[in-house]
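Student: I would like to learn how to read a protein model. Can we take it one feature at a time?

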Amino acid sequence: MYNTKQKILNSSIQLFNQNGVDAVRLQQIAEDTGISVGNLAYHFKNKDAIVESVYEYIFEEFSAILREYAVSTAMTSFDAQLSSYYDFFDKYQFYIADFFKTNNTLNEHQQIWQGYVTKMLIQIKSRIDYLVLNQDFIPEPMSGLYQQVAENIWTNLIFYIQKCRMQGITPTEMQYKLAIWNQLRPYFTESGLAEFNQLILPIFSY
Amino acid sequence: MNLYSTIMKKAPFTIDNATYAQLLKGLNEMFLSEKKGNSNDFRLYFDDLWLSDTAVIDDVHKSKGEWVVDLVFASIHNPLKFIRRFIVSHPCPKRAAQKAHFMRRLAAKDQRGTLEVTIEQLNLCQN
């Protein structure tokens, strides 16, 4: 069961996604939640407080995704993490759009966010390193290549949904995940490919 | 900004990127070392399973000026399958006999009662 505070956050996230953070007024949030503005003011002092809470909520959720790495490095675990990434970036698009608004210095939230996405990139590189170590991946053909691959995957993970919307396509989770896996595919060894075919491909077949 | 808010604004704990990468590397190695084992890794356990069906015989003999206590574990199904293990040695024969007695009793403890082998099981040929 959600309490009012959670309800307010949920509708704020939805409205931020639809209209952008700046365009949303407190009145709208209150209407969407189904409470009075007075009640809203009881829970959150002002809009900044709501935005602050939303960001905290987002960061909490993103750290939960990052923590999934510690569970296992197996391919299935990476696939599960991809699903989590899709859910996250689908739900919080406004957040990325926020980055393009201003070119001047990053604010506090953006700095924290920058820390998170850097960790995300390090994780992807680390997963590739593990695959190489486990002989599922061929040894790096030229130095720096896997760093490049990791960065491409990272870009895809973050911007794939935006890219699809720009093209006028409705993205699906399967397309999203397949786009990532296909980027990794050329580097599999025979045993890695066998494992991939056995564990990951069946997910896409239905 | 008063003192209270200065304290409350303390930056959250962070680690730098190099440390984080190193941490993940450690995790990777941990995952590799925690691979599933082979079933024949337990061979030694199955190899020694026959020892639970053995009779224990104590053997006290003189060696190098001392009385040595050995225990012989002989399979109750085939007494010719046995192992001998050195337990303890003592300069006094009585003490050695006492130790042999207690060590045998300790080793021969079994839920089914003390297991024994008899001379008939050896199938000796008198020709």
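Student: How many residues does the contact take from chain B and from chain A?
Tutor: Contact means heavy atoms within 4.5 Å. The contact takes eleven residues from chain B and 14 residues from chain A. Keep in mind that this is a predicted model, where local features need pLDDT of at least 70, side-chain atom pairs count only at pLDDT 80 or more, and totals for chains, interfaces and linings use all residues. Residues are numbered from 1 along each chain as its sequence is written, chains are lettered from A and ligands numbered from 1 in the order in which they are written, and side-chain values use heavy atoms, with hydrogens and water left out.

Student: What area do chain B and chain A bury between them?
Tutor: The size of an interface is often given as the accessible area lost when the parts come together. Buried area is the accessible area (1.4 Å probe) that two parts lose on being put together, summed over both. Here chain B and chain A bury about 1100 Å². Of that, 67% is on carbon and sulfur atoms.

Student: Which residues in chain B lose the most area to chain A?
Tutor: They are B:Tyr20, B:Asn28 and B:Phe31. Together they give 47% of what that side buries. Sort the touching side of chain B by class, and you get six nonpolar, two polar and three charged residues. The classes work like this: Ala, Val, Leu, Ile, Met, Phe, Trp, Tyr, Cys and Pro are nonpolar, Asp, Glu, Lys and Arg are charged, and the others, Gly among them, are polar.

Student: How many salt bridges does the rule find across the interface of chain B and chain A?
Tutor: Side chains of opposite charge can pair when their charged atoms come close. A salt bridge is a side-chain nitrogen of Lys or Arg within 4 Å of a carboxyl oxygen of Asp or Glu. Between chain B and chain A the rule finds zero. Polar contacts are another matter: three residue pairs, both residues at pLDDT 80 or more. A polar contact is a pair of N or O atoms within 3.5 Å; within protein, one must be able to donate a hydrogen and the other to accept it, and residues adjacent in sequence count only if both atoms are side-chain atoms.

Student: What is the count of salt bridges over all chains?
Tutor: The count is ten. One of them joins B:Asp53 and B:Arg112, at 2.9 Å from N to O. B:Asp53 lies in the loop between helix H3 (43-47) and strand S1 (54-63) of chain B, and B:Arg112 in the segment after helix H4 (93-107), so the pair ties together parts 59 residues apart in sequence. Helices (H or I, at least four residues) and strands (E, at least two) are DSSP runs, numbered from the N terminus.

Student: Is B:Arg112 buried or exposed?
Tutor: Buried means under 20% relative accessible area, exposed over 50%, partly exposed in between (1.4 Å probe, protein chains only). B:Arg112 is exposed, because its relative accessible area is 52%.

Student: Which residue forms a salt bridge with A:Asp90?
Tutor: The partner is A:Arg165, with the closest N and O atoms 3.4 Å apart. A:Asp90 lies in helix H5 (residues 75-91) of chain A and A:Arg165 in helix H8 (residues 145-167), so the pair ties together parts 75 residues apart in sequence. A:Asp90 is partly exposed, at 25% relative accessible area. A:Arg165 is partly exposed too, at 40%.

Student: What does the secondary structure of chain B come to?
Tutor: Four helices and three strands. From the N terminus on, the order is α-α-α-β-β-β-α. Of the 127 residues of chain B, 19% count as buried.

Student: Which domains does the assignment give for chain A?
Tutor: Domain bounds come from an automatic or database domain assignment. Chain A has domain 1 (1-44) and domain 2 (55-204). Their centres, taken over C-alpha atoms, are 30 Å apart. Seven residues of domain 1 are in contact with eight residues of domain 2. The two domains bury about 630 Å² between them, 60% of it on carbon and sulfur atoms. A:Ile13, A:Asn17 and A:Val21 supply 62% of the area that domain 1 buries against domain 2, more than any other three residues. Across this interface the rule finds zero salt bridges.
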